[in-house]
Amino acid sequence: MLPALRLIPDINVLLSGLTGTVGPARELFLAAQRFDVLFVLADEHFVELQRVLTYPQVLALGGGISAAEAFGLATGLYRVAQVVSPLQRYDWPSCPDPKDWYLLDLLITSGADAIVSKDAHLLRVKNKLGVPVYEPKELVRLGII
């Protein structure tokens, strides 16, 4: 049996997968629950989740998330993820959004296979630096999930 693909989801992909009922991000989350893929996460994922799970528009996702459900979703990620800490820090001048740098740091530090994102900044970095960044729908098209 081949080892599971090690993927770094960004927060938007995680939230879509955790709260959605259908779609590629949901399929990715279900694949992680089956251990068909392994999520590789950093402490920064959980810090960002803590921040965004206070936003009313985020709490309204998927028909509404209570504080207890948000906590359960976040802790459930530990069960299906490898959490890498600490991260080696790098400068990424080709990536204009410094909030995304931790994902690139995590890719290098962990040796993960790819980042999964719908973020235009990261998708452009894919071409500039040759960094493996995929949209969830690309993973479906490639037969990965």
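Tutor: Start with Arg-141 and Glu-138: they sit three residues apart in helix H8, so about one helical turn separates them. Helices here are DSSP runs (H or I, at least four residues), numbered from the N terminus. The model is predicted, so local features need pLDDT of at least 70, side-chain atom pairs count only at pLDDT 80 or more, and totals for chains, interfaces and linings use all residues. Residues are numbered from 1 along each chain as its sequence is written, and side-chain values use heavy atoms, without hydrogens and water.

Student: What do Arg-141 and Glu-138 form?
Tutor: A salt bridge, with the closest N and O atoms 3.9 Å apart. That term means a side-chain nitrogen of Lys or Arg within 4 Å of a carboxyl oxygen of Asp or Glu.

Student: Is Arg-141 buried or exposed?
Tutor: Exposed, at 62% relative accessible area. Glu-138 is buried, at 16%. Buried means under 20%, exposed over 50%, partly exposed in between (1.4 Å probe, protein chains only).

Student: Which side chain meets Glu-138 in a salt bridge at 3.6 Å, N to O?
Tutor: Lys-126. Lys-126 lies in helix H7 (residues 120-129) and Glu-138 in helix H8 (residues 136-141), so the pair ties together parts twelve residues apart in sequence. Lys-126 is partly exposed, at 25%.

Student: How many salt bridges in the whole structure?
Tutor: Six.

Student: And helix H3, what about Glu-48 and Arg-51?
Tutor: Both lie in helix H3, three residues apart. Glu-48 counts as partly exposed at 21%, and so does Arg-51 at 38%.

Key
Helices (H or I, at least four residues) and strands (E, at least two) are DSSP runs, numbered from the N terminus.
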